[in-house]
Amino acid sequence: MRNESVLTEFILLGIPHTEGLEAMLFVLFLSFYIFTLIGNLLILLAIVSSTQLHTPMYVFLGKLSVCDIFFPSVSSPKMLFYLSGNSRAISYAGCVSQVFFYHFLGCTECFLYTVMAYDRFVAICHPLHYTIIMSHRVCTILAMGTSFFGCIQATFLTTLTFQLPYCGPSEVDYYFCDITVMLKLACADTASLEMVGFISVGLMPLSCFLLILTSYSCIVCSILQIHSADGRHRAFSTCSAHLTAILLFYMPVVLIYLRPTPSPCLNATVQVLNNLVTPMLNPFIYSLRNKEVKSSLKKVLQQVAFLPEK
């Protein structure tokens, strides 16, 4: 009878084919991480400090900034820790936590983008009924619902992954614990679970993306019916930021989880972009073309830096 002792820790091998580049990657990823935290904190402060921005669209944007602060924090601190020459070991509980919070925050963002698209649909297609449809109560339910359903999805995926026995090897051929790499280490047949996981991880983002596509199809039709050029420009300007963020979020999901033959090196590169670069870019995407956010952000920066108001 084979000895199947349960593993108590795993060893993160890091990003494939980057041996000898640890110092450069540490500086690069630390810079990304710091800019991500600062950018999203500033957006959050701008929204909280300005009563003008206490509307559903900016409430959802504020929640997106919170997710973008915590999402890279799931994997980045540990990655930076071992890139600086420290231990690559991660406990079993730490690995479970990474899988859960990565998919909890990822799924929450996925639902949040869908809710934000619905908000823009109501604002542009039904402007006279916007305050009634997107009331404070509805806004709160939608904002909390994204986290609730994200938690359900993450709990299902994490339970699915760690109900399997892990008895060795303990080397995780990646820079953090994720479902696809963890299933390779399981001491059991994972074919059926891989299929269930593939359907679950693929079906949820696809459903959200189809809802977003439907919302924006209606939005484009409504915008084309606006007679004034200024009105069309304002509507397109508001929606273009959201569409850019959606594309940056969904393209990595498709490349990582929905390709039939995954490549560890490509997956790691795309996932680093998804974990660090996209959350870093979101504050720029949403602030550069938004006068209200830029105005509030300017006031926050003046208060932080004690600069005189112009």
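Begin with the open sheet: three strands in the order 2-1-3, with mixed pairing (strands pair if DSSP finds at least two bridges between them; helices, H or I of at least four residues, and strands, E of at least two, are DSSP runs numbered from the N terminus). This is a predicted model, where local features need pLDDT of at least 70, side-chain atom pairs count only at pLDDT 80 or more, and totals for chains, interfaces and linings use all residues. Residues are numbered from 1 along each chain as its sequence is written, and side-chain values use heavy atoms, leaving out hydrogens and water.

Select 89-91 and 171-172 next: these are strands 2 and 3, the edge strands, each pairing on one side only. Strand 1 (residues 9-12) runs parallel to strand 3, joined by two bridges. Click Leu 12 and look for its bridge partner in strand 3, Val 172.

Now for the rings. The whole structure has 17 aromatic pairs (Phe, Tyr or Trp rings, the six-membered one for Trp, with centres within 6.5 Å; planes under 30 degrees apart are stacked, over 60 edge-to-face, the rest tilted). Show Tyr 92 and Phe 162, an edge-to-face pair at 5.6 Å centre to centre and 75° between the planes. Tyr 92 sits in helix 4 and Phe 162 in helix 6 (residues 136-162), so the pair ties together parts 70 residues apart in sequence.

Then pick Phe 100 and Phe 104, which are stacked: 5.8 Å centre to centre, 10° between the planes. They are four residues apart in helix 4, separated by about one helical turn.

Last stop: select Phe 71, Tyr 102, Tyr 174, Tyr 175 and Phe 176, which form one aromatic cluster.
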